[in-house]
Amino acid sequence: MGRDFKVGDIVKGNSETRYNLTDADMTEARVIDTDCVGGKIRIEVLKHEQEAGIGQEFIVDPEYFELVRREEPPTGGSELELVDDSKMAQVARILGEELGKEFYIVGGRCNPYKLTENGLFDSYDQLATVVLSELLIGKLEIKKPTCAHCGGTNEVIQQGNAPMCKQCAKEVLAK
Ligand SMILES: [Zn+2]
């Protein structure tokens with residue numbers, strides 16, 4: 001009965017008698033093959049109390065070894081995709097917009113536009129596929145709203161027909 005070792009596992013010897021070198025004095029070896037004839041494994045000696053056999057490879061019976069540690073393969077990379085797997089949400093992010101939020105396009109004929117899960121729609125709720133591709137290739141640009149008071153573009157929020165930056169909104173409220 002072979003133990004269930006995996007390639008990359010770090011093992012140590014557990015028998016004083018079965019092997020001369022890969023014995024209990026061998027404190028670390030890396031499993032480099034688990035598919036050897038007769039259910040054997042191939043290991044590379046990493047640490048040995050007698051400094052013996054380091055770097056050498058042996059084909060051994062897994063019965064006489066035990067796991068020291070298993071280095072799990074990294075799982076990263078998929079978190080972002082899990083957060084948001086919608087294609088159109090990714091498109092919106094590329095354009096610096098959000099799904100469902102209206103925005104203006106410089107020179108756009110049917111402003112405002114809106115991105116949804118089904119594509120880009122204009123103010124008449126018509127699918128605007130050509131406009132979307134022109135945004136993506138940089139032929140068209142999304143217009144950053146400018147404050148009706150100071151003309152700035154920093155943190156401008158739409159308030160009815162008068163877009164206003166946060167700073168001006170505060171001043172107006174203070175009056
Ligand atoms: Zn302002």
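Reader: What stands opposite Ala29 in S3?

Author: Val45 does. The model is a predicted one, in which local features need pLDDT of at least 70 and side-chain atom pairs count only at pLDDT 80 or more, while totals for chains, interfaces and linings use all residues. Residues are numbered from 1 along each chain as its sequence is written.

Reader: How many bridges pair S2 and S3?

Author: Seven, with strand S2 and strand S3 (residues 40-48) pairing in the antiparallel sense. Two strands count as paired if DSSP finds at least two bridges between them. Strands (E, at least two residues) and helices (H or I, at least four) are DSSP runs, numbered from the N terminus.

Reader: What order do the strands of that sheet come in?

Author: S4-S3-S2-S1-S5, an open sheet of five strands with antiparallel pairing. Strand S4 (57-60) and S5 are its edge strands, each pairing on one side only. On average, neighbouring strands here are turned by 45° against each other, direction ignored.

Reader: Which strands does S1 pair with?

Author: Strand S1 (residues 10-13) is joined to strand S2 (residues 26-36) by two bridges, running antiparallel. Ile10 has Arg30 as its bridge partner in S2. S1 also pairs with strand S5 (residues 65-69), antiparallel, over four bridges. There, Val11 stands opposite Leu67.

Reader: New topic. Which four strands form the open sheet with S8 in it?

Author: S8, S7, S6 and S9, in the order S8-S7-S6-S9, with antiparallel pairing.

Reader: Why is one side of S8 and of S9 left without a neighbour?

Author: Strand S8 (119-121) and strand S9 (142-143) stand at the edges, and each has a single partner strand, so one side of each has no neighbour in the sheet.

Reader: Which strands does helix H2 touch?

Author: Helix H2 (residues 87-95) packs on the sheet and touches S7, S8 and S9. Contact means C-beta atoms, placed from the backbone, within 7 Å. The direction of H2 makes about 140° with that of S7. Axes are lines fitted to C-alpha atoms, for helices over the stretch in contact, and angles run from 0 to 180 degrees between N-to-C directions.

Reader: And Val156, buried or exposed?

Author: Val156 is buried, because 20 other C-beta atoms lie within 10 Å. The cut-offs are 20 or more for buried, 12 or fewer for exposed, and partly exposed in between, with C-beta atoms placed from the backbone.

Reader: What does Val156 touch?

Author: Not counting residues up to four places away in sequence, Val156 touches Pro145, Thr146, Cys147, Pro163, Met164 and Cys165.

Key
Contact = placed C-beta atoms within 7 Å.
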